[in-house]
Amino acid sequence: MALSLFRTLYARLALGLFLLLVIVGGLFTALSLYSVREYTAAVNQELNRDLARNLVADRNLVTEGRLNRAALKELFQLYMTINPSIEIYLLDRDGQILSYSADPDKIKRNRVSLAPIRTLLADPGAYPLPGDDPRSHDRRKVFSVTPVPSEANPSGYLYVVLRGEEYDSAESMVHSDRLLQMGAGALAVSLCVGLLAGLVFFRLLTRRLSRLTERVESFEVGDPEDRSGTDAEPVPTGGDDIDYLTGQFDRMARRIAAQLDLLKDKDHQRRQLVAQVSHDLRTPLASIQGYLEALQLKQAELSPDERARFLKVALAESHRLGRLVDELFELAALEAREQQPAPEPFLLAELVHDVVQKHEPEAERAGLALAIVDADPVMVTADIAMTERILDNLISNAIGHGPAGSRVTVAVRASDGGASILVADAGPGIDPEDLAHLFEPFYQASGAARAGHAGHAGLGLAIAQRLAELQKGRISAHNGDPAGAEFRVWLPAQ
């Protein structure tokens, strides 16, 4: 349980904050103690800067221009008794220790460095400036110093260590525990306040991440939240990275949900397609098989005219089956985008004239008139072969649905920066409920069934739509006025 708790981002951030505060608090305490010591040394040296000079003047250490050794000895004995916090040393001009007020057994140096002494005498404001401590080979302490017997004629120096060993011992006993307690208290308060503030901040930060994680988990198990809008909605830019991530996830979730819906719809269409293909293939095959079996079984009983009729029907059904298989392969290639257009500029009206001329015999056999009613000289950029295939499908479809004695019209007009091809028939038209499904593979409109075209596989319009879309065009169907159906194909000029 404890191990899993520290796997959460909030617990890791809290632990990281705690360790950071401990490190920062420890460094702050150490720096504070060091700063306090430095500050105390600076204040002590500043307050006692003239102590050595005052001792010489107040205790009459110089008499008639010479150092009074007896008075100096009395001074050593006096300060060892009444003020053991300072130590007084008499130095010669080379820094050699001549006499002192400290315990002789604790003196470790015979001389002290004159460099800090000369620096302080030259610049009394250069503090804190530590000098050598005669009680230690490496320790340095703040001091006060004055030339003796006089600055004009110095023969040595009165060197006063302001923080002697007794001072250090007393400070260690009195203040070490208190400073430690103060540092520990400051560290504890800082830890508590900083940790509390950090936990609140991290909670506000990770709460949104937790909500986002819950949404991701809900989406993963198939229960995404209701997210209105589309993929085109802009990602929020006014928030932070978490807001941006949430917006991106929402867009991704909507896109995935839409793709899942599309896949479900495609799967449904695929099932319908397989069922319809099976039905449409089975029908001509059953017809061919039936007539051929009848010829085999009854060939002696059938007249030559009946045999010819049977063969004609079987041949027509085989042609129908061949066309259906070709259309299936063509539609599959278009769906897989195996065929790509090779666009080039050409005059659309010329292609329309050629295609109409090619279909005139078909129209004559159906008892229809096929005519071009309008042909604007507009250039388009499209694939000539694909455009011809679209026209073949639309004109054949119009001829198949137009009643005998009617007319199928074709027009080419400039429209919306491109060109529109209109193919209209005078048939029964399209039922309104069929318009939305007219370009679906194998969809057979109810009007087609009433017109006697129920055997049509319903692939021509689907193929025409795919070809138009590959060329960045579009196709639509409408009912004519007053009757019939009208198909409109738009192709871009550029």
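## A buried ring and its partner

At 12% relative accessibility, phenylalanine 310 counts as buried (buried is under 20% relative accessible area, exposed over 50%, partly exposed in between, with a 1.4 Å probe and protein chains only). This comes from a predicted model, where local features need pLDDT of at least 70, side-chain atom pairs count only at pLDDT 80 or more, and totals for chains, interfaces and linings use all residues. Residues are numbered from 1 along each chain as its sequence is written, and side-chain values use heavy atoms, with hydrogens and water left out.

There are five aromatic pairs in the structure (rings of Phe, Tyr and Trp, the last by its six-membered ring, pair if their centres lie within 6.5 Å; planes under 30 degrees apart are stacked, over 60 edge-to-face, the rest tilted). Phenylalanine 310 pairs edge-to-face with tyrosine 291, at 5.1 Å centre to centre and 75 degrees between the planes. Tyrosine 291 sits in helix H7 (residues 241-298) and phenylalanine 310 in helix H8 (residues 304-335), so the pair ties together parts 19 residues apart in sequence. Tyrosine 291, at 25% relative accessibility, counts as partly exposed.

Phenylalanine 439 and phenylalanine 487 make another edge-to-face pair, 6.4 Å centre to centre with 90 degrees between the planes. This one links distant parts of the chain: phenylalanine 439 is in the loop between helix H11 (432-435) and helix H12 (446-450), phenylalanine 487 is in strand E14 (residues 485-492), and they are 48 residues apart. Both phenylalanine 439 and phenylalanine 487 are buried.

Elsewhere, ring pairs join Tyr89, Tyr100, Phe143 and Tyr159 into a cluster. There's also a charge over a ring: arginine 474 lies over the face of tryptophan 490, 4.3 Å from the ring centre (the criterion is NZ of Lys or CZ of Arg within 6 Å of the centre and within 35 degrees of the ring normal).

## Cores

The largest nonpolar core has 47 residues, and Leu348, Leu394, Ile395, Val410, Val423 and Phe487 touch the most other members (a core is a set of buried Ala, Val, Leu, Ile, Met, Phe, Trp, Tyr and Cys residues joined through side-chain atoms within 4.5 Å). Leaving out residues up to four places away in sequence, isoleucine 395 touches Val355, Val356, His359, Leu370, Val410 and Val423. Another core lies apart from the largest one, with 19 residues, including Leu51, Ala71, Val148 and Leu158.

In helix H3 (residues 51-58), the buried residues are Leu51, Ala52, Leu55 and Val56. They span an arc of only 140 degrees around the axis, so they're on the same side of H3 (the arc is that of the directions from the helix axis to the C-beta atoms). Ala57 and Asp58 are exposed on the other side of H3. After H3 comes asparagine 60, with a positive phi near 55 degrees.

Helix H5 (residues 115-122) buries Pro116, Ile117 and Leu120. Their arc is only 105 degrees, which puts them on the same side of H5. The face of H5 turned away from its buried side carries exposed Arg118 and Ala122.

## Whole chain and confidence

Overall you get 13 helices and 14 strands (DSSP runs numbered from the N terminus: helices are H or I with at least four residues, strands E with at least two). Of the 494 residues, 36% are buried.

Mean pLDDT (the predictor's confidence in each residue, from 0 to 100) is 78, and 83% of residues reach 70 or more. Residues 224-232 fall below 50, yet that stretch has 16 contacts beyond near neighbours in sequence (a contact means heavy atoms within 4.5 Å). Residues 447-457 are also below 50, with 18 such contacts.
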